[in-house]
Amino acid sequence: MNSKKRAVLFCIVFLGLFSVVAVVYLDLDCRDGTEVWIYKRKLQIAELKNEIDRWLTIRMSGSTASKSPHTTPGERYALLDYRNEYGNQEPKNVSLPQWFNPRARMDVDTLTPWSAPIIWDGTVERSILEDHYKRKNVTVGLTVFAIGKYLDKYLKNFLTSANIYFMPGHNVIFYIMVDNISGVPSIELDPLRRLKVIPVEKESRWQDISMMRMKTIGDLIESRIRHEVDFLFCMDVDQVFESYYGVETLDESVAQLQAWFYKASRRVFTYERNPESAAYIPYEEGDFYYHAAVFGGTPQRIYNLTRECYEGIRKDKEHNLEAIWHDESHLNKYYLRNRPSKVLSPEYCWDYNIGLSYEVKNIKLSWLPKAYEEVRNK
């Protein structure tokens, strides 16, 4: 009996000493700056859960969610619940269900068929995102072209409103492309904002200005922007910010629903329908119609988008073709092949010529009246 007690006591002492040694070893390992083993172990567990998540998604949707743009809201909510923090995530380290509530707006679609969030007023817990991005100390870039008469007519209003409403409380760099540096208005910016003016050549036609911006943005990302910002937005200058346009819009790849088509059937989308064009989309394909007046994401994702759009434009020119809506047609083709990880509702780019809409509750950015005869003439 005594020998058994001694054996048990010996085992307890041995396990205790082993635990102490293990803790000391791991502590020294961490102090040496190495938490790789622990991290890799967590990563393996997360990868396993992702595999389970993908299996559950396929089982639940019957593979329809990835193929059909007509997945029901209930199916999409179920997919979101299963994905939880191991599925579609943005921002990093903050799971989608923590800051996004698709059920908060039952009057509109709040999830894409591939379970990316569609951001409407009321669906976002903004304080969680604000805290996260302030801890990350992110910098957001914003490119805008103000060429010819667009410079005098629109740039001041755009910059003045962006200084107030675009990413307030966060670091922002405005990249302003102009053909006349002396025409850039003097604006007193918030201390967190910087303005960088970049001279560009004016194209002979407004269509070429619209299309060549893709090449210009791609070149700038490659040479400087990727070193300066964490996220980047590209916008048209003939717009004005009206309310908070904040970090809820940030993601790896962000597309904007075109206000005139957000409730329309894809059969009436004005995609490029010429099979000879690089921007061609058949009538039976397409998810949404996206507006080229606003697109965003990480510098790398925007670089990929602009390069692919420019290559499509270049190939069309070689065949004496021009897509119906120029760079916007190529942008829609890109997003069809590379679906965005976040979609912005028409509240983030509204046209008052449409009139009032009960779904649009808080307009963030709006089109200004178009004066094409004035600004597109030499």
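Q: Where is the kink in helix 6 centred?
A: The kink is centred on Leu155 and comes to about 45 degrees. Keep in mind that this is a predicted model.

Q: OK. How many residues does helix 6 have, and how far does it reach?
A: Helix 6 has 17 residues, 149-165, and reaches 25 Å from first C-alpha to last. That is close to the 24 Å expected at 1.5 Å a residue.

Q: Which residues of helix 6 are buried?
A: They are Tyr150, Leu151, Tyr154, Leu155, Phe158, Leu159, Ser161, Ala162 and Asn163. So Leu155, where the kink is centred, counts as buried at under 20% relative accessible area.

Q: And which strands does helix 6 lie across?
A: Helix 6 lies across strand 2 (139-146), strand 3 (171-178), strand 4 and strand 5 (231-235). It runs at about 165 degrees to strand 2.

Q: What order do the strands take in that open sheet?
A: Eight strands form it, in the order 1-9-7-8-5-2-3-4, with mixed pairing. The edges are strand 1 (118-119) and strand 4 (193-199), each of which pairs on one side only.

Q: What about strands 7 and 9, parallel or antiparallel?
A: Parallel: strand 7 (253-257) and strand 9 (342-344) pair over three bridges. In one of the bridges between them, Val254 is partnered with Lys342 of strand 9.

Q: What holds strands of a sheet together in general?
A: Strands of a sheet pair through backbone hydrogen bonds, in either the parallel or the antiparallel sense.

Q: Back to helix 6. What follows it?
A: Met167, which has a positive phi near 50 degrees. Met167 is in the loop between helix 6 and strand 3.

Q: Is Met167 buried or exposed?
A: Buried, at 1% relative accessibility.

Q: What's the phi of Asn137?
A: Asn137 has a positive phi of about 55 degrees, although it is not a glycine. Asn137 sits in the loop between helix 5 (126-136) and strand 2.

Q: And is Asn137 buried or exposed?
A: Exposed, with a relative accessible area of 53%.

Q: New topic: where is Glu272?
A: Glu272 is in the loop between strand 7 and strand 8 (290-297). With a relative accessible area of 9%, Glu272 is buried.

Q: What does Glu272 touch?
A: Leaving out residues up to four places away in sequence, Glu272 touches Ser277, Ala279, Tyr280, Ile281, Glu322, Ala323, Ile324 and Ser329.

Q: How far apart are Glu272 and Glu328?
A: They are 56 residues apart in sequence and 9.5 Å apart in space, C-alpha to C-alpha.

Q: How many residues of helix 9 are buried?
A: Ten of eleven, so helix 9 (327-337) is mostly covered.

Q: Zooming out, how many helices and strands are in the protein chain?
A: Ten helices and ten strands. Of the 378 residues, 48% count as buried.

Q: What about the surface and the contacts across the chain?
A: The protein chain exposes about 19600 Å², with carbon and sulfur atoms supplying 54% of that. Among contacts between residues at least 6 apart in sequence, 74% join residues at least 24 apart.

Key. Residues are numbered from 1 along each chain as its sequence is written. This is a predicted model: local features need pLDDT of at least 70, side-chain atom pairs count only at pLDDT 80 or more; totals for chains, interfaces and linings use all residues. Side-chain values use heavy atoms; hydrogens and water are left out. Helices (H or I, at least four residues) and strands (E, at least two) are DSSP runs, numbered from the N terminus. The expected span of a helix is 1.5 Å times one less than its number of residues. The bend at a residue is the angle between axes fitted to the seven residues ending there and the seven starting there. Buried means under 20% relative accessible area, exposed over 50%, partly exposed in between (1.4 Å probe, protein chains only). Contact means heavy atoms within 4.5 Å. Accessible areas come from the Shrake-Rupley method with a 1.4 Å probe; for residues, only the protein chains shown count as cover. Two strands pair if DSSP finds at least two bridges between them. Axes are lines fitted to C-alpha atoms, for helices over the stretch in contact, and angles run from 0 to 180 degrees between N-to-C directions.
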